[in-house]
Every structure is written in structure tokens, then in C-alpha cells.
Amino acid sequence: MEAFKILRKVCIIARILVLLIPDPLFAQSARYLPNADYNPLKVNVNLVILQRPDGSGNFQDNAADRTFLRNMIDVTNGVYAELTNRNEAYYPGQNLPFLSNAKVEFVPKILFVKDEKGWNNRNDHNFAGVPYLSGWYLDSLDRQIYGSDTLPKAINLYFTTDGQLYEEMVVKGTTTDYDHRVFFKQHAASEIPVVQPGSYLNGKYHSMRCHVANVWLKLWWKRNILHEPDWTMEYEVGESIAHELGHLMGLGHTPDAQKHALMRTKFGGLRDYLTTQEIATMHQLLGGYPSLWQCVQESATYGSPGADWVITGTEIWTEDRRIYANVILKAGASLTITGNILLPPKGFIQIEQGACLWIEERTVRRMNTPEPDAFEGFEKLVRKPQFLSPYLWVGDNWEYAGILHLKGNGKIDEAVIRVVRN
Ligand SMILES: [Zn+2]
């Protein structure tokens, strides 16, 4: 047991040192940058189609309309998967290598909802139809969908119709002037999340939502008045939704001078360019913002050894975090975790010989393992009077093991830990 004591001492010294070093996590953009061989993160989106009580006034549950909606989301996904290098980096000094694929994919589920008040976006009294996180006219429907036990968590896109213009243009045929008479011209997203150490302005978990007004009405106008093919609208809306989802993944607006930037404010341009820094921001948010990461499918993993977070020095993770890769602690590394960590279903933390992992008060587990309260057998074990986790009993010779410290109520799912002898 002599070797054990020495290792423990080394760990304590390392821990005193780490307190003096600021959290390096947010300075390391490279950790969030996808490579060509990563799996895209699959993000659920609900396309909530609000109809009148008789089912009219919006998209119908038929093959043609479902095809339109599917093609529309294909355009959105195409934007993120097939970016064009426009050399328009708008963050001086951050010209990271161009990435043509942002490695994010939206998986749609279409929900038809009959709701006379909700269907008609003239009932939305928010400026520009922006669905702020409280006080929006669809709050109660949103709570139902968000709180449903049968629906996976998803970003909710609400498709509504201008009831007055519908009546005039579609029912009575007294106008064909969509452009001047429509009330909400643009799609509106409510929120640009930021990772805020130590606090969540709107609560840790809340609905992510976007108001997508008048898509069907404009499509009706294009079909029946302009006689345009559906694909023009599929592109227009697919790109708008890509822009709005960009906001919900943490991206702000870029200057309109950047003609092809997805996040420019003005319409027009090809909207087919994201900077590498923007892609890093999205992935950072998808791992760091709970309301957003809950919309990422449970099985999500980058699935590439290049995605593993390899730690060689000293780090402290204070924030809750979902990671889509493994964590590898090399010899001499020390990682202190004081937030809750979620790993992919087969993900692990590898503690190599001479490395040290501290878990204080919080829980490290996989996405598909039970909540910590269900770690019963495990809890009993870690609460033995011994300081070290029993999971490091890889043999009697501590010389060959890394070290795991559980402090206070710190817990780790047994399956997550992998100890490697060099
Ligand atoms: Zn915008």
C-alpha cells in the first residue's frame, strides 16, 4: 500500500495547484470543433402545425404537405452540412480553417394541433411575433408539448397563419396582395442562449421555441397566385429556419456586409456560410446549455477518436455539461469535476496510470443510465469509509492505477470508469 499513499499525495498537491489556475475550458475552441469524420449531432425539432378546429387554415396531414415540410427541413440540414467557403470571416484574428460541415442535423416530427386562438397569429401581441420565454400567446400549448411524457424533448417550431389575411385571400378572394397585407413578415426566434457560469437566467431547463409565421399562407399565395413551384418556398423557409436555429444554438447576427453569412440580418444573399468560430460556438452550446442539449438525441456521439477530450494538464470543470465523446486523462493529468456530467451511452472516462480524477458533490453518468438516486448499490459502495472508489481495485498493486476521488456526495456511474495501465 506504500505506492497508494504516494499517489494520493501527488494528487493532493496537484489539486492545490489547480485552484490557482482559471478554468481553461472556454478558451479551448478547438475542443468544440468537429472534424470531417464526426457524426453529426442529431437534434429533435417539432414542426407544430396549428390549424383551425375544422382542420383548415394551415398545412394538412397529407402526402403533398408532408413532402413540402420534409423538403424544407432538408434545405435547413443542407445549409449546415454543405457550407461554402466565402472567406468572409467576420471575427478578425480568429480565422480558423474553414469547415464545410457544421455536423448538426435536425430530425423533424410533425405535430398537427387544432387551436382556434393559436392558429391565428393576429392573436400574438408580442413585437414581431417574438416568442419570449414567458408571456407569449402560445405559452399554454407550449407547456403541454414541452411537458409531454410521450414526446421526446425537441426545439418547437410553431407554424401559424395570419387569420385576417387568410379570410380575405383564401376564403373570400378579395385580395391577392400577400406582401403588403400580411402582419408578420418574418420568422422569429426568441432566445440566443449563452453559457452563463453558475446561473441560468430562465431556469436550467426550459422550452426552446421559435415562431414561424405564415409559411403555409405564403405557399398558398405562391401556388395559387404566382404559380411558382413549391421548391422556391422550400428554399426560402428552409434557409430562414436554418438562421433561426442558428440563434437558438447561440449565434448572434453578423454584419449585413457579409453577403453570404447565414446569420446576417437582411434577407437575400445565399446564406450558405458560417465561420469556424460560429460552428465551435454551436457545439459548445449543444454541450453546455441544458435546455438545448436536452433536444439532442440520447444516442448522440461524435463517434470519432479525434473527438475525445484528452487531458494532459490540470483542469476544473465547474459547469454542468453534456459531452459527446470520451474523456481521456493522460499520466500526470488532474481533472476536478464540480458539475454534473453526462456522457454518451457507451462513453467513458479513462484514467491512465498517474492521472487523477476528482468528483465533488456532483454526478458523472451516461445518458442512458438511471438518475443518480437509482445508483443504489453503487452509492452504498462509495459510502464505505474508505476514501478511494472501489472501482479502482484493478489489482492489489496501486502502482498501476490512476486515482479517482469521490468527495462529499460525488457519484459516478461504475460503467463510465476505465482504468488503464501504461
Ligand atoms: Zn436573426
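How many bridges join strand β10 to strand β13, and in which sense do the two strands run? Four bridges link β10 (residues 334-337) to β13 (residues 356-360), and the strands run parallel.

## About the model

What you have here is a predicted model, in which local features need pLDDT of at least 70 and side-chain atom pairs count only at pLDDT 80 or more, while totals for chains, interfaces and linings use all residues. Residue numbers start from 1 along each chain as its sequence is written.

The protein has eleven helices and 17 strands; helices (H or I, at least four residues) and strands (E, at least two) are DSSP runs, numbered from the N terminus. Of its 422 residues, 41% are buried, where buried requires 20 or more other C-beta atoms within 10 Å of the residue's own, exposed 12 or fewer, and partly exposed a count in between, with C-beta atoms placed from the backbone. Among contacts with a separation of 6 or more, 69% are between residues 24 or more positions apart; a contact requires C-beta atoms, placed from the backbone, within 7 Å.

## The four-stranded sheet

Back to β10 and β13: they belong to an open sheet of four strands, ordered β7-β10-β13-β15 with parallel pairing. Strands count as paired if DSSP finds at least two bridges between them. At the edges are β7 (314-317) and β15 (403-407), each with a single partner strand, so one side of each has no neighbour in the sheet. From one strand to the next, the twist averages 10°, using axes fitted as lines to C-alpha atoms (for helices over the stretch in contact) and angles from 0 to 180 degrees between N-to-C directions.

## The core and strand β1

The largest nonpolar core holds 97 residues, and Ile-155, Leu-157, Phe-159, Leu-329 and Leu-357 touch the most other members. Such a core is a set of buried Ala, Val, Leu, Ile, Met, Phe, Trp, Tyr and Cys residues joined through C-beta atoms within 7 Å. Strand β1 (residues 41-51) gives the most to this core, seven residues. Domain 1 (2-25 + 304-420) and domain 2 (40-293) both contribute residues, so the core lies between them; the domain bounds come from an automatic or database domain assignment.

Nine of the eleven residues of β1 are buried. This strand pairs in the parallel sense with β2 (residues 104-114) over eleven bridges, including one from Val-43 to Phe-106. Five bridges join β1 to β3 (residues 155-160), again running parallel, and there Val-45 has Ile-155 as its bridge partner. Leaving out residues up to four places away in sequence, the contacts of Phe-159 include Leu-47, Val-48, Ile-49 and Leu-50.

## Loops and a helix

Pro-34 sits in the loop between α1 (2-18) and β1, and it is buried because it has 24 C-beta neighbours inside 10 Å. Its contacts beyond four places in sequence include Leu-99, Lys-103 and Tyr-302. Lys-103, in the loop between α2 (63-81) and β2, has a positive phi near 60° although it is not glycine. Ala-128 also has a positive phi, about 60°, and is partly exposed, with 13 other C-beta atoms within 10 Å.

Helix α8 (residues 230-248) reaches 27 Å from its first C-alpha to its last, close to the 27 Å expected, that is, 1.5 Å times one less than its number of residues. Just after α8, Gly-250 takes a positive phi of about 100°.

Definitions and conventions: Two residues are in contact if their C-beta atoms, placed from the backbone, lie within 7 Å.
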